[in-house]
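Please walk me through this structure, one region at a time.

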Amino acid sequence: TMPRLNFDVSPELDEIIEKLVKLTGSTSKSEVLRRAIALMEVAAEAKQEGKKIVIAEKDRTPVAEVII
């Protein structure tokens with residue numbers, strides 16, 4: 001069986017997670033959190049390798065750097 005985690009979040013964070021369910025087409029809050037953790041793992045590994053994560057326009061023009 002998969003380990004289960006239970007934790008409390010503020011009403012504000014719950015609203016953000018709900019919004020992300022809709023924005024990402026996720027099926028649940030759990031899916032949003034799994035995706036967020038996967039993204040954080042990629043970002044942390046990139047940082048450890050001296051790389052950066054950036055947000056870019058469609059033409060690949062950098063707009064912002066993701067700081068972790």
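**The hairpin**

Arg 60 takes a positive phi near 75° in the hairpin of β1 and β2, where 5 residues lie between the strands. This is a predicted model: local features need pLDDT of at least 70, side-chain atom pairs count only at pLDDT 80 or more, and totals for chains, interfaces and linings use all residues. Residues are numbered from 1 along each chain as its sequence is written, and side-chain values use heavy atoms, with hydrogens and water left out.

Strands here are DSSP runs of E with at least two residues, helices are runs of H or I with at least four, and both are numbered from the N terminus. Arg 60 sits in the loop between β1 (53–56) and β2 (62–66). Why does its phi deserve a remark? Most residues other than glycine have a negative phi. Arg 60 is not glycine, yet its phi is positive. Arg 60 also counts as exposed, because its relative accessibility is 72%. The scale is simple: buried means under 20% relative accessible area, exposed over 50%, and partly exposed in between (1.4 Å probe, protein chains only).

The two strands pair in the antiparallel sense, over 4 bridges. Pairing requires that DSSP find at least two bridges between the strands.

**The loop between the helices**

Now move to the loop between α1 (11–24) and α2 (29–48), where Ser 26 lies. Is Ser 26 buried or exposed? Ser 26 is buried, because its relative accessibility is 9%. Leaving aside neighbours within four places in sequence, Ser 26 is in contact with Val 21, Glu 31, Val 32 and Arg 35. Contact here means heavy atoms within 4.5 Å. With Arg 35 there is also a polar contact, side chain to side chain, at 3.4 Å. A polar contact is a pair of N or O atoms within 3.5 Å; within protein, one must be able to donate a hydrogen and the other to accept it, and residues adjacent in sequence count only if both atoms are side-chain atoms.

Ser 28 lies in the loop between α1 and α2 as well. At 24% relative accessible area, Ser 28 is partly exposed. Its side chain reaches two backbone nitrogens: that of Ser 30 at 3.4 Å and that of Glu 31 at 3.0 Å. Not counting residues up to four places away in sequence, Ser 28 touches Val 21 and Arg 34. Ile 17 is 11 residues away along the chain, and its C-alpha atom is 9.2 Å from that of Ser 28.

**Charged pairs**

Side chains of opposite charge can pair when their charged atoms come close. The criterion for a salt bridge is a side-chain nitrogen of Lys or Arg within 4 Å of a carboxyl oxygen of Asp or Glu. How many salt bridges does the structure hold? It holds 5.

One of them links Asp 14 to Lys 29, with the closest N and O atoms 2.6 Å apart. Asp 14 lies in helix α1 and Lys 29 in helix α2, so the pair ties together parts that are 15 residues apart in sequence. Asp 14 is partly exposed at 27% relative accessibility. Lys 29 is partly exposed too, at 31%.

Glu 31 and Arg 35 form another salt bridge, at 2.9 Å from N to O. These two residues are separated by about one helical turn, because they are 4 residues apart in helix α2. Glu 31 is buried at 16% relative accessibility, whereas Arg 35 is partly exposed at 42%.

Lys 51 and Glu 49 also meet in a salt bridge, 3.1 Å from N to O. Lys 51 is exposed at 52%, and Glu 49 is exposed at 53%. Elsewhere, salt bridges that share partners join Asp 14, Glu 18 and Lys 29 into one network.

**A nonpolar patch**

Finally, turn to the surface. Leu 5, Phe 7, Val 9, Leu 13, Ile 16, Leu 20 and Leu 23 form a nonpolar patch there, with about 690 Å² of accessible area together. Patches are made of residues with over 30% relative accessible area and no salt bridge; like charges are joined within 9 Å, and nonpolar side chains (Val, Leu, Ile, Met, Phe, Trp, Tyr) within 5 Å. The areas come from the Shrake-Rupley method with a 1.4 Å probe, and for residues only the protein chains shown count as cover. Val 9, one of the patch members, is placed in the segment before α1. Val 9 counts as partly exposed, at 33% relative accessibility.
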